[in-house]
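Welcome! Please take a moment to look over the sequence and the 3D view before reading on.

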Amino acid sequence: MQLNITFLGTGTSQGVPVIACDCAVCQSDNSQDKRLRSSILIETPSTTLIIDTGPDFRQQMLRENVNKLDAVLLTHSHKDHLAGLDDIRAFNFSQKKEMALYARNDCMERVKMEYDYVFASKKYPGVPSIQDIVISENNPFYLNELEIIPILVWHYKMPVLGFRIGDFTYITDANKINTEELEKVKGSKLLVLNALQKTEHISHFTLQEAIELAQEVGAEQSFFTHISHKLGLHDVENKQLPPNINLAHDGLKIKL
């Protein structure tokens, strides 16, 4: 089964460039230093899904000409991963059905608070239509032909879900993975992992921590995402990474 993977966004919560910042990264002319909020698109001949709907969701869907979407998987409820959810209504209209939304119970409860109008008993015409499906790290599930294995990771003290689909694992917004959950990751051929910056951070892997974890997993290819302007220029930093490890960039496409 071939997966077609597109990095919709690879930036941190503020994106890159950051508003009103004059650092070298934010002022760079290199398109690979322009990062929308982190999200990823996964396609097979019969299934299309995305992980996270950040504030740039509409722009990302238009840029990649996504005309079909079967499901949304949420890692957690922070705004940079959730704020674009209202725009799934375009797919409701075009596909004439609810959008399947998969999330942990704590995340789904936050969705229902922030988008209370979606779940109201009397809905305003034209609001998004969502099928809310609660998942947990304890139970793999199927989306059409795809087996999806949730992986519990920690964003400081906040539980976040990563996902493994076949030989592909996607983990963002984490700085700790327990041993038993890391076992779910091992054997992946393609690993995507957050690497925020070089200096220590309370809730994200640093670049060095991400390198060490990628080397421990030993995937054939590893790519880093959820990158801030503090990490450095894409071309400079990418050249210094170990073999088979690279910085991802917006619009990067990989076939697995």
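Here is a short tour of some local features, grouped by topic. Keep in mind that this is a predicted model.

**Nonpolar cores**
- The largest nonpolar core is made up of 27 residues, and the residues with the most contacts inside it are Leu49, Ile148 and Phe168.
- Strand β9 (residues 158–165) gives this core its largest share, three residues.
- Leaving aside residues up to four places away in sequence, Phe168 touches Leu3, Ile5, Ile40, Ile42, Phe163, Leu190, Val192 and Leu256.
- There is also a second, separate core of 25 residues, and Val153, Ile177, Leu213 and Leu231 are among them.

**Aromatic rings**
- Searching the whole structure turns up four aromatic pairs.
- One of these aromatic pairs joins Phe7 and Phe223 in a tilted arrangement, with 6.1 Å centre to centre and 55° between the planes.
- Phe7 belongs to strand β1 (residues 4–9) and Phe223 to strand β12, so this pair ties together parts that are 216 residues apart in sequence.
- Phe7 and Phe223 are both buried.
- Tyr102 and Phe141 form an aromatic pair that is stacked, at 4.7 Å centre to centre and with 10° between the planes.
- Because Tyr102 sits in strand β5 (residues 99–103) and Phe141 in strand β7 (residues 141–143), their pair ties together parts that are 39 residues apart in sequence.
- Tyr102 and Phe141 are both buried as well.
- Another ring to look at is that of Phe119: Lys112 lies over its face, 5.7 Å from the ring centre.

**Helix α6 and what follows**
- Within α6, the residues Leu207, Ala210, Ile211, Leu213, Ala214 and Val217 are buried.
- The cover over the buried residues of α6 includes α5 (179–185), β11 (190–194), β12 and β13 (245–247).
- After α6 comes Gly218, which has a positive phi near 75°.

**Glu220 in the loop**
- Glu220 is located in the loop between α6 (207–217) and β12 (221–225).
- Is Glu220 buried or exposed? Glu220 is exposed, as its relative accessible area is 53%.
- Glu220 touches Ser188, Lys189 and Asn244, when residues up to four places away in sequence are not counted.
- Glu237 is 17 residues from Glu220 along the chain, and their C-alpha atoms are separated by 20 Å.

Notes. Residues are numbered from 1 along each chain as its sequence is written. This is a predicted model: local features need pLDDT of at least 70, side-chain atom pairs count only at pLDDT 80 or more; totals for chains, interfaces and linings use all residues. Side-chain values use heavy atoms; hydrogens and water are left out. Helices (H or I, at least four residues) and strands (E, at least two) are DSSP runs, numbered from the N terminus. Buried means under 20% relative accessible area, exposed over 50%, partly exposed in between (1.4 Å probe, protein chains only). Contact means heavy atoms within 4.5 Å. Rings of Phe, Tyr and Trp (its six-membered ring) pair if their centres lie within 6.5 Å; planes under 30 degrees apart count as stacked, over 60 as edge-to-face and the rest as tilted. A charge sits over a ring if NZ of Lys or CZ of Arg is within 6 Å of the ring centre and within 35 degrees of the ring normal. A nonpolar core is a set of buried Ala, Val, Leu, Ile, Met, Phe, Trp, Tyr and Cys residues joined through side-chain atoms within 4.5 Å.
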